[in-house]
Amino acid sequence: MNQYIFHPFVLPFVLGMAFVLTYCVVGLLRIIGQLPKDDRKKFWRSLVTPKTAWANIRDLFGDCLFHVKIWKRNPVLGYMHSAIAFGWFMIIVIGHVMLFTLKPLEGVDVQGFARTFTNFYYPIFYKHFATETPTFAFLMDFFLLMIISGILIAVVKKIYSKIVGVKRITKFGFADNMIRFALWTIFPFRLIAEKSNIMAFWWLYSIDLMIFMCMLPFTRYMHIPTEALFILLRHAGLKPREPRKGYALAQIYSCPSCGLCIDACPMSVNDKNSGNTSAYFMKKLRNANDEEAKRIAETCMQCGKCVAVCPVSIESCDIKMSQREATPYTINSDHSYLDSISTEVEKSPSVLYFAGCMTQLTPKIMRSMKKIMDAAGENYEFLDKDGGICCGRPMMLSGKKAEARAMIEKNTELIKKSGAKKLVLSCPICYKVFKEEYNLEGIEIQHHTQYIEELIKCGKIYVERRDTKYVYHDPCELGRAFGIYDEPRYVVHSVGQIVDAKSEKELSICCGGSLGSFNLTQQERDEITANSVNDLMFNNPDEIVTACPLCLKTFSKKSPVKVKDIAEIVGEQIENC
Amino acid sequence: MKENILIIGGGAAGMEAATQLKKLGLNPIIVEKSDKLGGHIAQWDRLFPAFHPAKDVVEQMLNNVKDIDVRLNTEVTDIQRNSDGFKATLSNNDTIDAKAVILATGFDLFKAERKQEYGYGIYNNVMTSLELERFFRTGKDDRINNPKKIGFVHCVGARDVKVGNTYCSKVCCTTALKQACEMKEVFPDAEVYTFYMDLRMFGPGYEDLYLKTQKDFDVKCIRGRVCEVSEDMDGRLVIKAEDTLFGKPLKMTLDVLILMCSMEKAKSIDKIQQQLGVANNSDGFMQNKDMYLGMNDSKQDGVFVAGTCTAPKSLPDTIGEARSVAVEVFNYINNR
């Protein structure tokens, strides 16, 4: 006769649980300890700031518990994940609630410390020791079956992923495969054990739990405990500073390797390159495979689509940038010429236009901008008429912040001296660095899509509408980076008919010309371009419109129809007044 | 009965092949999509390296084909293989039964608009090498008004990964130097610059032309690519380039800029090529059987290739290939 609610089969579980809890506490302290001082301060402050605190609560429930983002991305996967994770969560919660109503089979009543210890495993194995009320019995069975239904979908997904709308799934190593097998079998074992009370199944159930808990810190399932911390850190507004420390480490642990980014990545158009996607990058970082992590960070085009589709919002692009910053590339840059550039200004315009080097190579855009600004009667000046200074973004992309700074400072001086109140850029590559790295207080920075939209809306220019069917391509650094989706569409709509691309807005596919990648070959880029053009041609448009000179150049090579910048189509249809 | 040989394309390769086939006792039929024979060479004024009038060569070739069946303003719209050879349907609904087909479809000139940074079609005073030949022939072009500074850009659309053409277009180097000298002849006071990557003077007398260009005509050859072109207030062209021998960037104002456009395989033949099963190489030109002993054979039985449809070639090379294809076809017919 048992004096206590105990059986040796609970031991594996208890051991596993103790291990994982210890590991998580140590990991938490390590991550917080690795944060730079100012970041840590920011973090503590964010926890008590009402705005971020509210965002924390919202996302902890929305993302960790209800998996809203996966539901949005793919309802089948949403159900699969919720069934397992939410179902398991409910079983744990209900189990603990139920503790008070359980009637122990042996009639034992344990009190005090022993009771507390017992409670640690009691709800997990209660069926062996007690009976529950019918309501609880129903709830527990319901959620258990829900979990098993989720596991069934997972098994189908593993065998034939296309059926759930996923082309490529992440390829796993031994440890990940093993822990997944453990996870899949935990609940069927529990069901059998509960229904039959055969000892062997209780043992199997408990050992399965132990395997899962003990392997968890070293596999993708670490995302379960880490995601909560990651949400808090993210809302504190941190940026990864080092590729494998602090905030980045929290992200590495939070990546569930679900592989949604694999299908999304433009590079996956070539199967060979699907191993360069963010899911694998995060895995390489986790496994401390620095060589490979460095290579993938250099291959990435920084289009940000993986971040847009990520159900956990892992900022893999930022981590890749921090990886680049950590690599001492030798670039012989000579910025001595900057001193010789005069900052004297003759006239003081209200609008300053900075074409940037890519637009200098696509003079049609500059011409159109000139025509538009003339028609609007703007008092403007071209900042880089005679060739200006680079905006600094290419250096930034190479992880060379100090070198970029030299150019940024000179440009800032030039812009501020001009006295202009507005800076217009036609290159999203420039726009990103101007928005993020420049300190131009009091000067409004606009991309030309926003600027032209404003001119049309306030009646400064009049555009004659024509019948042409346009499709608009969202440049990565304008769309995904800044959410500028509506302004360009308004402009295109003012000029003609607009048809949808197959993938739009945050799902738009990189043109393949990106400055971001160091080592994609021309052929690999061409494949990406062809795929992106195909996607844009989905509704048979007459012309492709984009808002980035680099996209324009890249598409022009592969497109069956004319490719134009948004400024060009406006310039063509503008009425001179 | 004489055996029909269908020749698609009435340029230098097509005409010369027809001439030789006729001499060999076969019956060549030339199908030419434009309204006259001669192809690109008929639009040229003078030929390198000796400034020989293109007209002389073209007229002689035209004279050679005057008894040959030529269908102008006609395209092959459909071609089917049968037990007897080929049956081709033309755009005027005629049909031709032929024992063998020679593809002598030549090249398209690279569309200079595709290198937007050079400003063709945007700035007035940017023109192509072909347009400059027209100026030499007619003496008229609105863009050329007693220029003081003239620039030539080599390799436009050639050896350029960014436009997808990695090959060398072979003849533009020599053409550029020839045209530079000719500009200097017309405008002796003008300064003439050429911007090259390498000068590939591969043929007899070509290197001499290069020396002459510098010594006698005082043309300045700068090694480096032009990276961008813009227009100043007066409509003159401002170019940016790098002098790679000095390792210095340079900026220059020019009155007229001539783009040496590369050759690309003519696109209009794509459909027929597909019907015949003749594939392209990675550079977009037609594939021949092998580069040494099978340069005129396609991989398809009875289908032959000649001239610039397989790679950029000079006029002498093209004529040589046209003659060799005639022998190949003659042997093919006799061994059937």
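Pro49(B) sits in the loop between strand E3 (46-47) and strand E4 (52-53) of chain B. The model is a predicted one. In it, a cis peptide bond joins Phe48(B) to Pro49(B). Omega there is about 0°.

Chain B also touches chain A. The contact takes ten residues from chain A and eleven residues from chain B. On the chain A side, helix H19 (363-375) and helix H27 (549-558) each supply at least two residues. H19(A) gives the largest share, three residues. By class, the chain A side that touches chain B divides into two nonpolar, five polar and three charged residues.

Now turn to helix H13 (residues 278-286) of chain A. Eight of its nine residues are buried, so the helix is largely enclosed by the rest of the structure. The buried residues are Ser278(A), Ala279(A), Tyr280(A), Phe281(A), Met282(A), Lys283(A), Lys284(A) and Leu285(A). What covers them? The cover includes helix H11 (247-254), helix H12 (260-264), helix H14 (290-299), helix H15 (305-309) and helix H16 (316-326) of chain A.

Just after H13(A) comes Ala288(A). This residue is found in the loop between H13 and H14 of chain A. Is Ala288(A) buried or exposed? Ala288(A) has 8 other C-beta atoms within 10 Å. A residue counts as exposed at 12 or fewer, so Ala288(A) is exposed. Its backbone also stands out for its phi, which is positive at about 55° although Ala288(A) is not a glycine.

Asn540(A) is another case of this kind. Asn540(A) is not a glycine, yet its phi is positive, at about 50°. The residue lies in the loop between helix H26 (522-536) and strand E9 (543-546) of chain A. Asn540(A) is exposed, with 10 other C-beta atoms within 10 Å.

The last stop is a pair of helices in chain A. They are helix H23 (residues 448-457) and helix H28 (residues 566-573). Their axes come within 10 Å and cross at roughly 30°. Angles under 35 degrees count as roughly parallel. H23(A) and H28(A) are therefore roughly parallel to each other. Their crossing is left-handed. Which residues meet? From H23(A) come His448(A), Thr449(A) and Ile452(A). From H28(A) come Ile566(A), Ala567(A) and Val570(A). By class, this contact of H23(A) with H28(A) has four nonpolar residues, two polar ones and no charged ones. An α-helix has 3.6 residues a turn, so residues three or four places apart point the same way.

Terms used: Residues are numbered from 1 along each chain as its sequence is written. Chains are lettered from A and ligands numbered from 1 in the order in which they are written. This is a predicted model: local features need pLDDT of at least 70, side-chain atom pairs count only at pLDDT 80 or more; totals for chains, interfaces and linings use all residues. Axes are lines fitted to C-alpha atoms, for helices over the stretch in contact, and angles run from 0 to 180 degrees between N-to-C directions. Helices (H or I, at least four residues) and strands (E, at least two) are DSSP runs, numbered from the N terminus. Angles under 35 degrees count as roughly parallel, over 145 as roughly antiparallel, 65 to 115 as roughly perpendicular and the rest as oblique. A crossing is left-handed if the near helix is turned anticlockwise from the far one by less than a right angle, and right-handed if clockwise. Two residues are in contact if their C-beta atoms, placed from the backbone, lie within 7 Å. Ala, Val, Leu, Ile, Met, Phe, Trp, Tyr, Cys and Pro count as nonpolar, Asp, Glu, Lys and Arg as charged, and the others, Gly among them, as polar. A residue is buried if 20 or more other C-beta atoms lie within 10 Å of its own, exposed if 12 or fewer, and partly exposed in between; C-beta atoms are placed from the backbone.
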